[in-house]
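Here are a few exercises to work through with the model open. Try each one before reading its solution.

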Amino acid sequence: MIYLNVNNFSENSKINCQSNRIFATFIGINFILLRAINLRYYWINLIKKVDCITEVILWDWHVDDYYNPDRKALDKMCWKRVGFISDVSFNPMKFRIPLNILKITDVSQGLSLVVAKRVLEDAIHGKIEKFNGFTSAIILGV
């Protein structure tokens, strides 16, 4: 997820359609990857050549229910190695999500909120008064 500050662009301005360009400054970046909850852990894993793909752990799901070495087997997977993200703490109350809505909220939506919050915290360095929602954007990639 990337936080952008779009220069010289306000709510009332128009984009120059001929040049199709907006000048932007990348201010913050954050993500959740396999065994890397942020940029620092990503680089540590990369430098140490950590294999982030692991054998399926029994309590995650029962291998026998899904695995078959035959690639042509229907409704089965032909591998036992997968990638898992680390545990991420998510408090729905911090995002003002009512508990009855939480039941129908997808895990990816919660993870996206956590990463967006991290990006903003990184970008504004605790100076919320400098945050301008009209000249800012967060780009989410899943």
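**Exercise 1.** Which residues do ring pairs link into a cluster?

Before the solution, some ground rules. This is a predicted model, where local features need pLDDT of at least 70, side-chain atom pairs count only at pLDDT 80 or more, and totals for chains, interfaces and linings use all residues. Residues are numbered from 1 along each chain as its sequence is written, and side-chain values use heavy atoms, leaving out hydrogens and water.

*Solution.* 
- Start with the rule: rings of Phe, Tyr and Trp (its six-membered ring) pair if their centres lie within 6.5 Å, and planes under 30 degrees apart are stacked, over 60 edge-to-face, the rest tilted.
- Searching the whole structure turns up three aromatic pairs.
- Take Phe31 and Tyr42: their ring centres are 5.8 Å apart with planes at 85°, so this pair is edge-to-face.
- That pair ties together distant parts of the chain, with Phe31 in the loop between strand 2 (24-29) and helix 1 (39-47), and Tyr42 in helix 1, 11 residues apart.
- Next, Tyr42 and Trp43 are also an edge-to-face pair, at 5.5 Å centre to centre and 75° between planes.
- Put together, the cluster is Phe31, Tyr42 and Trp43.

**Exercise 2.** Is Phe31 buried or exposed?

*Solution.* 
- Buried means under 20% relative accessible area, exposed over 50%, partly exposed in between (1.4 Å probe, protein chains only).
- Phe31 comes in at 15%, so call it buried.
- Trp43, at 44%, is partly exposed.

Notes:
Helix = DSSP H or I, 4+ residues; strand = E, 2+ residues; numbered from the N terminus.
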